[in-house]
Each structure stands twice: as C-alpha cells, then as structure tokens.
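Biologist: I have not looked at this structure before. Please show it, and then we can go through it by question and answer.

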Amino acid sequence: MAIPHLDFERILDNVRAGIYIFKDGKFIYVNKTIEEISGYSKHEFSDLDPFLLLHPRDRERISEYSEMAFRGENPPDELELRIIRKDGSMRWIAFRPVVLENRLILGTVFDITEMKEVKKRLEESEKVFRVLAENAISGIFIFQDDKFVYVNPIVERLTGYKREEFLKMNFWDLVHPEMKETVKERGRKRQKGERVEPSVYEIPYLTKQGELRWGIFSFSSTVYKGRPAGFCIVNDITENKLLEKRLKESEERFREFSEESLQGILVIQDGKIVYSNKVMEVTGYKRDELIGKRLVELIPKKFRKVANKAYTDAMNGKKVTNVELKYITKGGDEGWALVNAVKINYNGKKAVLSNIIDITERKRLEMQIKKSEEKFRNLWNSVEDIVVVIDAEGRIRECNRKALEVSGLKREELIGKRISDFVSGEWIERIKELIKGEKGPERVEVLASIDGKKLWIEATANIIYDGEPLLHVIGRDITERKRMEEVLKESENKFRSLVERSVAGVYLIQDGVLKYVNPKLAEICGFEAEELINKKVTHVIHPDYRELVENNIRKRLSGESVAINYTLKIMTKDGGVRDVEAYGSRAVIGGKPAIIGTLIDVTELRKSEEKYRKIFSNSSVLIAIVNEFGIVVDCNPAMERSVGRNPIGKSFFDLFPKEVAERRLKHLRQALESNRNVSFIDNNDGYFYTTFIPLELPEGKFCLAMVEDVTDLMNLNMLLKTINEISNIIVHETDCETILRRIRKKLSNYQCQIIWRKGGRVKVLGDVNCDKLRLSISYPVEITTELFMNGFRVEGEEKLCMDCEKACPVKENSHIIILPLFDTVSYGTLILFKKEKPFENELEMLKTMANDIAFALRSLELAEQKRKAYRQINKNIEYFAYLLDAIRNPLMVIAGLAEIDDSENSKLILEQVERIDEIIRNLDKGWIETEEVRNYLNH
C-alpha cells in the first residue's frame, strides 16, 4: 500500500520521532528517523521480520501487547523495549501504537537509549549518594519547593527532629529569627538554580528543644528528581564558637589587665620579646621597638647570668619571684627592676610571662631612708603606743620606748624574747596566720602577763618586709578600760535583776487606753505605773505628735500596718519634753485587737548625735556620705569648700571630670561589693588620699568618704624624681649649654627660664622677652615675691609689668623662685615660675639643686682651662724643639771653625761654645719637665 501524497511523506521524514505503519506482520511504511534508529533502510523494512528486530527478551511482551490491542482491551499507552540494530548493537525505544481499521497499526517511536543510560547512572549515583549521606559525619539535607525533601541521620541528631517531621517543615524553620529572612531569600534563589554568594557561612539554628546552636553551612544548587533544588552540608561548630568566645574573652581580659596595669608586662619567646605593654616604654623604647628585641640586649653584662637563670627556671615550670636586676635604657642609662616570671602558652608555643616593677626610685630612696633612719627612730620612740616587730618564729626583733616602759625591761633584755613569754598560745597561732598571710590585718584584744602583772593590750598588726615577712604590731594599754567594762557589766546585771524583763519601756494599748506599762516606761514619763493605767495614750504625747500617734494606732488596730517604728516627743509629768523611739505591733489579747510595744528614751542620743554633727561639721578632713550610685547625701563644710559648691544631691559626674568620676565610682562600688575599706590616691587639681568606708544604714548601703589633701607629699616625690634626673644629666653631659637646656626641659612644669653668663656675654634660655626682667636678675640677688606682685621698676621708668602687653610668665604666675647659679663666680640665674605657693622643703631642695648645677658648671670650666693649658704646652714644646735645633746647627759650625784656627781667639770662641752648649743642655732638661707636665694634664 502506497502513501498517496509525496509532500506528506517528506513532512514525516523530517519529524524527529520515528513513525511507522504496520499491517499483517509487515512494515508498510517507516520514516527516515526509523531508519536512523534501526540501521535498516526503508526497502529493507518491507522484507524485515519484525520479531527479528526485537530483543529476544522483549518479543513475548510485544506479542501480548498486540493481542490486547486487537481484542479491544486497553493496553499501556507507551511501551519501552529493546531492539537489535542491523549492526548488532542494542537500543532502547519507547513506542506508542494506535490500532486503526483493518488491523492497521500507526505508531511513533522514540530512541530512549541515552535517557536509559542517564537514568541508570542517576540511580547508581543516588544509591552512592544515599550510602555516603547516611554514613557521613556531616549533616546533609536537600530542600525543594521550600520544603525539606531529604535529611541524613546527622541532621536528625543535631536538631532533635525525626526525618518524618522534617518532611513537613520549611527549610528555614530551624534558623534563628535574626537570620531567617536572609536564609529564606538565598535558599529560594538556589532552588531556582541561581548562583548565590557566599556559599559557605555560619548560621545560628534552634534545636527541637529550643537550644541555640551554631553550624557552618555549605550551600549549592542541585537537581532532585528532575527539578532544581537546594543542597547543603552542615557541621556543628557550637563548641568551637564557645571555645572561640572563651579564648577571645581570655585574650581581652589579658589585654585589658595588661594595658591597665601599673606594672610592666613582657612575654618572651625563644629569648625574644613578643609582647610588651605601654609601661615598658620606661626603657626608652617604643613598644614596636621592643617587639622582636632579644631580652639580653636590655640587661647589663654582669646581670645577664641572673636574667638567663630566671628565664630558664620559668621555662622549666618554676615560679620566679622577686628577682632584682638592672636594665639598660635606650639612652644608655641604667635602672633597677623587680621581676616575677611564669611559664605560659602564647600563640600555641611555650613562652615566659614577666611582671616587672621599676624599683629605680626605690633603690635610690633606700639610701635616703637609711640616712633618715635615726630621724624616724626618734619619731618611733616618741609615740605613746606600744610598737614591736615580730618575726615568723615569734621573736621580738625591734621595739620602741613605750614597749620597754610597759614591760619594765631593758632593750637588750626584751629584744630576742619570744612573744609567747608574754601571751598565751592562742595569740601565737594568730601571729603565725598573719605572717603567712592567711588572715588580713585585724584589731584584737590580748591579755598579756608581764613580770606577774596582767595587762590588756588592744593591738593591730600589719605585715612589713625587710628581707623576710615581719609582723608590725601597734598596741595600746587598755587595762583600765577593760576594768571599767567589767564594772559596767556587773552594774548592768544588777540593774536587770531589779527591773522587769526589759530595760526599755513596755506598754499595752487596748480600747484606746494604756492597759499596762512597766516601771521603765513610767520612769521615762515621770509617772508612777499606776497613774498611767487606763489613761488615753495621748495623755503623755506632745501636742505636735498626737495626730501622728492616733493615725499609727488606727493603722495597726485595723491591720493596715502590722508594725510601726518611729520617733516622737512625749510630755513628762513635770511638763518636760523628751525624745523617744517607739516600736509597736498588732496583737490579739482576750479576743480583742491590741498593740504591744516598747518605748526607748533617745533624748541623750539626740544630744550625742548633735555633738557628733558638730565634730563632723568642724573637721578639717573632707568628709561625705555617698550612696551606691555616687550621689552625695551629706557632707561637712570642709568638703563643700574643697568642691567649691554644695555637693549634696549631686553625683560624682556633676562634681568632677568624667575620668575622675568614673575612677571614684569604681572604687566606691568595690568597697560596697567587698564590704571592706578601699583607699586610693586620686589626682584632680591636686592629689587626694581617699578612703571609702562601707556603711549599713536603714535607708540602704552607703559609703563614708574621708579625703585628705596629699598634694605636697606627691609634689615632693615628683620633685625628688626630677632632681635625680637632673643629677644624671650633670654627671653624663660635658657641654654647659647642653646641660642647661636639658635641665630647663626637665623643669618645664615651672616654666623655667635661665640667664646664663659666659665669657662676659649673657644668654637667655627660655621664652622671657622682657629686658627689665633680664636686667634685674643678671647678677646673684634675692628677689621676693612681692617685687613681682607690682612688677619690676627700672631707674628712670615707671611702667609696671601689669601694664606690659608682652606675653610673660610673670603675669601668669603668682610665685617666682630666683636661684643664683654661684660657685666662686656667678654663672647666671635660674628662674622658676609657679601658680601655687611653694610647699614645705621645696625651696631648700631647689637651692641645693642650683648649687649642684653651679658646681657642675665650675667643674666644666676648670676642665676647659685644663684643655687650654694642654694646648699651650704643646705649642711651647714644639717651639723648644725648633729653637734647640736652630741653635745647635750654627753652633757646631762655629766650633768646627774655631778648632781649625789655633789662635787665642779660637780658644775663647770654644770656651763660649762650651758655655752655650751648657745652656742648651739645661734647656733640654726644661723640655723634658714640660713633656712630663703635658703627659700629666693629658691623663
């Protein structure tokens, strides 16, 4: 049967699906695509047995399929089977036959070989994926259409959800709310196959139990069951996060402590400095200069052995404490340091952490302290308290005059005695605990037995160090006070036995009247007890307080307030007025409400409070009471004068600069939290020694602030340091002008000016541009402050400093110190300007410093004169040598000529030549002596 239309046949040949017509077991038409799929031509198909074309395993299936179709049953719309191509290879096809009239079959064929291969590989891949995913150590999940479609067991274990629960959840349901929208947006883009960066990031997620955990998620796009999906691998990093946080907090704490520390801190690794805090810039090196520097470069040679041993001991795990050694500054100066060291791990490697205290000043002061020991011993012996120093063995090492007086022993008899000779074993144990540092300083009362006499001593003790820990004990004889306490105790016992249960007034109010009063209450009111029974309470209440008392009684009887404590005034029988403190609480007696309370007479206490208020108000020490927020609730006038205004109701931040307020608030809270006194020195327009003392008041927690001005003491310390630095300049510099310029720089806080006289010239080192000032101080003269109050007057002129327009320290400061630089001769004048009045000993110390400077200038002048003499002697020696040579040469010629001539004149000439030679020999001796003088000066 032929196809009638050629155009239709061409169209079918260009269709990518195979098309065939089959009837009665024969192919009557195949298109070009069928030829390509099978490898047979159209002509070959007309004679081809269809069953030979089919794969043997699929022939039976196609027969069953055909029978179903011809019987009119509904076979599958599409059938997949294999064919054998002409070249013997196998292909998979999918065909869809349609049965027409007369058993005519029209069918379409698709080559699905490649699809089958892909499907097979995909199935294999999925099997491998599932094996890997189910056994992976990381969490793996796939999401599609916003839902989880796969999760492995690790994801279940990390989150606490079961797999079947996941399949009902959106993929963003686990994410912490802060990241939910970001994850949702990026996940939807990945489901569409879009590229999203970053692909790996850290996300907080919530478990089924609500626990917050962290994971590192690696996202990518994939295809799942033929459609785009999102793929993710997750690893839980919660523990790492916690470790990172702890490490960061630890590092931050170390850095914070290090940077805030007043002591130097170094970390040494492999002998090199790998970390330094700012305090170590005391060496003259900046921190970045110290990093990488070998430690031994900072240590003088004679101390390197000590430093190396300390470093080795620390690296071997030994704790190195209180090692004293010298260090070298960048400028070549030497200082003293106290070193403690311990082994640490730093950046994963062993290192040594060193804590360093600069004790240069302490070392210098030790000598001064030693010289001042006698002066302090006089003070030691002048106090009226017992003072002893005890060692760890309990032996008395030192004592003052009062201790000898109380003990009745001589010094040589008391020193070396054990404290156990005077006090019981209980106190010996306390002493040992104090020396070991197991207990802090405390005030104790000790019963001592001295030469058979019993004495009570009130003592305080502190640890001091003199090469070893010693206990410094200050005691006071309180034997008489203890005797009085015993007498008072006996008196109280007798009193208690004579009164009813309480020493306070006791009352019972019921039905608006007093039903009971004890003798004490009657005594307070001036009545007999019987006179008050069944009287109204207001009978003894001062008129100003009656309404308050009635309201309080009503509140307690009605149950509005269970108990009330307040102060009020009462009227005594004789018309007097007394202050009392009442405490009453509701009770039920005989089935009726009543009030039982106590009444205490506080009249004398009020008077005492007033007395202490006067002491508080008149004290020269600055005193204030502040609450836990740093707000002043009370203060004495001295504090108000110091602050310059009324500080009550104002906080530290209202009264002081921010940094000062923060520092003081920190110490205040430290005192309140530890419930211990906290003392510190603060700098705010002067130096102040402050102590915060915790107070427990009915209104809450407060601190008593006691402040002493120690500005002079601190200024003295700073001046000592400055003078020491100036002494170092004098010792190491050899040029006068350099010395004076460096000294002026060190005295910059005085706005120092120097008038320097050298070789008849006057040179000014400083910023003073006033000719009057230079004229007045160009020679050694004592100039008083009053002279500067009205300015300088120069003869013939009346213009004062206050009228001058030039900028000048004279007008900026109220105190000027003039220090002549005089040592045999005048070298000039040192002028120091101050706004504040010089403190005690400041002028004497500055005068001594000026004398040292003048002595140094004199020494340098003598050295210069010595050098000039040396240069002149050199010139003289050269001239001597030239002169001798100049004489000897012609003299030899004259002598030679005289010897040739045998006359009388020649003899006379030779005699004169001999005399001249003698003179030359004497000149040689003088030349040798001059050479010796030159060598002496040179050395």
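Biologist: Which element gives the largest share of the lining of the largest pocket?

Modeller: This is a predicted model, and its largest pocket is lined by 40 residues. The elements that give two or more residues to that lining are β13 (320–328), β14 (334–346), β15 (349–358), α13 (360–371), α26 (711–732) and α27 (736–746). The largest share is 11 residues, and the element that gives it is α26.

Biologist: What is the volume of that largest pocket?

Modeller: Its lining holds 14 nonpolar, 13 polar and 13 charged residues. Nearest the centre lie V282, D358, T360, K721 and E725. The volume of the largest pocket is about 1500 Å³.

Biologist: Which element gives the largest share of the lining of the second largest cavity?

Modeller: Elements that give two or more residues to this lining are β11 (264–269), α12 (301–315), β13, β14 and β15. The largest share is four residues, and it comes from β15.

Biologist: Which strands lie at the edges of the open sheet of five strands?

Modeller: The strand order in this open sheet is β2-β1-β5-β4-β3, with antiparallel pairing. From one strand to the next the twist averages 35 degrees. An edge strand pairs on one side only, and the two that do so are β2 (26–30) and β3 (79–84).

Biologist: In β2, which residue is the bridge partner of I21?

Modeller: Strand β1 covers residues 18–23 and runs antiparallel to β2. Four bridges join the two strands. In β2, the partner of I21 is Y29.

Biologist: Which residue in the turn between β18 and β19 has a positive phi?

Modeller: Strand β18 (residues 443–450) and strand β19 (residues 453–465) run antiparallel and are joined by eight bridges. Across this pairing, L447 stands opposite W456 in β19. The two strands form a hairpin with two residues between them, and the turn residue with a positive phi, about 55 degrees, is D451.

Biologist: What is the phi of G467, in the turn between β19 and β20?

Modeller: β19 also pairs with strand β20 (residues 469–477), in the antiparallel sense and over nine bridges. I464 stands opposite L470 in β20. Three residues lie between the two strands of this hairpin, and the phi of G467 is positive, at about 85 degrees.

Biologist: Is C736 buried or exposed?

Modeller: The cut-off for a buried residue is under 20% relative accessible area. C736 has a relative accessibility of 18%, so the residue counts as buried.

Biologist: Why does C752 count as buried?

Modeller: The cut-off is again under 20%. C752 falls under that value because its relative accessibility is 2%.

Biologist: How many disulfides does a search of the whole structure find?

Modeller: A disulfide here needs a pair of cysteine sulfur atoms within 2.5 Å. With that cut-off, the number found in the whole structure is zero.

Note on methods:
Residues numbered from 1 in each chain as written. Predicted model: local features only at pLDDT ≥ 70, side-chain atom pairs only at ≥ 80, totals over all residues. Heavy atoms only, no water. Pairing = 2+ DSSP bridges. Axes fitted to C-alpha atoms, helices over the stretch in contact; angles between N-to-C directions. 1 Å grid on protein atoms, 1.4 Å probe; cavity = no way out; pocket = protein on both sides within 12 Å on 5 of 7 lines; lining within 4 Å. Points joined across faces, edges and corners; volume = space filled by probe spheres on them. Nonpolar A, V, L, I, M, F, W, Y, C, P; charged D, E, K, R; others polar. Buried < 20%, exposed > 50% of the residue type's maximum accessible area, 1.4 Å probe, protein only.
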